[in-house]
Every structure is written in C-alpha cells, then in structure tokens.
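Dear colleague,

I am handing over the structure we spoke about, together with some notes on what was found in it. Please read the notes with the structure open beside them.

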Amino acid sequence: MIKNIVFDMGGVLLDYNPPRFISRLTTDEADAALLLREVFNSAEWFRLDQGTIGQAEAAAAMCSRLPAHLRGAAERLIEWWKLEMQPVEGMAELVAELKDLGCGIYLLSNATVRQPEYFDRLPSARYFDGRFVSAFYKMLKPQYEIYEAMLKEFGLKAEECFFVDDSAANVEGARRAGIAGTVFDGDVERLREVLSRAGVPVRMGQN
C-alpha cells in the first residue's frame with residue numbers, strides 16, 4: 001500500500017528550464033549554447049548538487065572557460081531561481097490533495113546547499129513532511145545509496161513509497177531500491193492516472 005509520495009523538485013514541482021533561463025540573458029545562439037554547456041552541463045554544476053564544491057569556486061571555474069562578455073551571465077545563471085521561478089501548473093493542488101488523503105509528502109532532490117533559500121517560495125512547500133537534498137549528504141540520484149539514505153532518514157519503507165521524477169534514470173534508481181515510481185512528463189492529469197493505478201485515490205479529470 002502506498003503511504004508516501006516522494007517528489008523530485010526541478011522538472012516536477014518547479015519548472016526548471018535552463019534554455020529559457022539563458023534566453024533571458026542572451027539571444028545569441030552560439031553564446032546560449034556555450035552557457036548551457038559550461039554552466040548547466042558542467043562538472044561544477046553536478047559538484048554543486050553533490051555538495052563537493054562551493055558556489056564561488058564553481059563560478060570561477062565556469063567563468064575561466066568563458067569569454068569575458070559571458071562571465072556575468074554565468075554568475076547570474078548559477079542563481080537561476082532569482083531569474084525565474086515558476087511552479088509547475090497543477091502540482092501544488094495535487095500535493096495538497098495527497099496531503100489531505102493522509103499521504104506523507106517528501107522531497108528527494110539533486111540540489112545545492114542553497115536549496116532551502118528558495119524552496120519555501122513554492123506554493124506546495126508547506127505540505128512537505130521532509131526534504132532530502134543531495135548536497136547535504138554528498139550523494140546524487142540515481143546512486144542507490146541516496147534512496148536508501150532517504151528512507152532511513154525519514155523512517156520510511158520502500159514498498160510504501162512512490163517516487164515522481166522527470167528523469168528515467170532517477171526513477172530506475174528508485175526502483176532498484178524497491179521504490180515504485182514514474183517519470184513525470186509535465187502532464188499532471190497523466191500523473192493522477194498513474195497514482196490512481198498505484199492505489200492512491202486521487203481525483204481524476206481536474207484539468
């Protein structure tokens with residue numbers, strides 16, 4: 001029986017869209033591609049989420065690979081939530097409904113140590129019973145250990161949890177740890193259908 005729903009953050013609760021963030025700072029296609037590669041797809045970005053590098057050090061490394069005219073943009077993109085932070089439409093209502101149904105609501109996110117500075121701005125934040133943010137534990141999804149650590153942290157049973165993430169690799173990682181889950185594609189009504197099939201009595205036809 002599913003008693004707890006575990007959510008990813010970016011791409012599930014929060015509309016995390018690096019190309020759109022970049023488009024607010026430059027319209028040059030070559031510059032945009034360079035920023036995407038050297039900021040969001042860089043080793044430093046993943047190390048920030050892993051908690052093994054500080055923001056100043058990460059910014060310096062990224063900027064060292066960029067031309068001077070893009071360094072300011074890179075520094076702003078590291079704090080992408082200050083550029084644009086939009087909740088995924090319909091997710092706050094779903095989370096609230098799950099809470100009303102008596103489900104435990106948890107977060108499992110690859111994010112930096114600065115995540116607590118902005119998470120509470122999400123309309124769904126108040127429904128969460130616990131948050132497990134990768135940088136504080138020095139591990140990343142889809143490592144098997146992060147799912148085990150999350151379960152232990154909150155005293156949860158894998159078979160009673162359902163995981164929602166926008167990454168197939170992360171959902172597969174959860175399944176290896178015994179946690180059922182689904183890949184979220186942005187369609188909240190489809191997610192409701194998946195949860196219903198998993199035995200969670202959510203309402204249908206909300207859109």
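Within what distance do the axes of H6 and H10 come, and at roughly what angle do they cross? Please keep in mind throughout that this is a predicted model. In it, the two axes come within 10 Å and cross at roughly 25°; since angles under 35 degrees count as roughly parallel, H6 and H10 are therefore described as roughly parallel to each other. The crossing in which H6 passes H10 is right-handed. On the H6 side the residues that meet the other helix are Met91, Glu93, Leu94, Glu97 and Leu98, and their counterparts in H10 are Val188, Leu191, Arg192 and Leu195.

The sheet

For orientation on the screen, valine 6 has tyrosine 106 in E2 as its bridge partner, and phenylalanine 7 stands opposite valine 164 in E4. Both faces of E1 are covered, with Asn4 and Val6 buried on one side and Ile5 and Phe7 buried on the other. Further out, strand E2 (residues 104-109) is joined to E3 by four bridges, with the strands running parallel, and here tyrosine 106 stands opposite glycine 130 in E3.

Leaving aside residues up to four places away in sequence, phenylalanine 154 touches Tyr106, Gly130, Arg131 and Phe132. With arginine 131 the separation is 23 residues in sequence and 9.1 Å in space, taken from C-alpha to C-alpha.

The loop between E3 and H8

Several residues in this loop deserve a careful look. Serine 134 has its place there and, at 0% relative accessibility, counts as buried. If residues up to four places away in sequence are not counted, serine 134 touches Asp49, Gln50, Ser109, Asn110, Ala111, Met139, Leu140 and Ile146. Lysine 138 is found in the loop too, and has a positive phi of about 60° although it is not a glycine; with a relative accessible area of 48%, lysine 138 is partly exposed. Proline 142 lies in the loop between E3 and H8 as well, and the peptide bond that joins lysine 141 to proline 142 is cis, with omega about 5°.

The aromatic rings

Finally, the count of aromatic pairs comes to 14. Take tryptophan 80 and tyrosine 118: their ring centres are 5.5 Å apart and their planes stand at 65°, so this pair is edge-to-face. Tryptophan 80 sits in the loop between helix H5 (68-78) and helix H6 (91-100), whereas tyrosine 118 is in helix H7 (residues 116-119), so the pair ties together parts that are 38 residues apart in sequence. Both partners are buried, tryptophan 80 at 6% relative accessibility and tyrosine 118 with a relative accessible area of 2%. Ring pairs also link these two residues with Tyr16, Phe21, Phe40, Trp45 and Trp81 into a cluster.

Definitions and conventions:
Residues are numbered from 1 along each chain as its sequence is written. This is a predicted model: local features need pLDDT of at least 70, side-chain atom pairs count only at pLDDT 80 or more; totals for chains, interfaces and linings use all residues. Side-chain values use heavy atoms; hydrogens and water are left out. Rings of Phe, Tyr and Trp (its six-membered ring) pair if their centres lie within 6.5 Å; planes under 30 degrees apart count as stacked, over 60 as edge-to-face and the rest as tilted. Helices (H or I, at least four residues) and strands (E, at least two) are DSSP runs, numbered from the N terminus. Buried means under 20% relative accessible area, exposed over 50%, partly exposed in between (1.4 Å probe, protein chains only). Two strands pair if DSSP finds at least two bridges between them. Axes are lines fitted to C-alpha atoms, for helices over the stretch in contact, and angles run from 0 to 180 degrees between N-to-C directions. Angles under 35 degrees count as roughly parallel, over 145 as roughly antiparallel, 65 to 115 as roughly perpendicular and the rest as oblique. A crossing is left-handed if the near helix is turned anticlockwise from the far one by less than a right angle, and right-handed if clockwise. Contact means heavy atoms within 4.5 Å.
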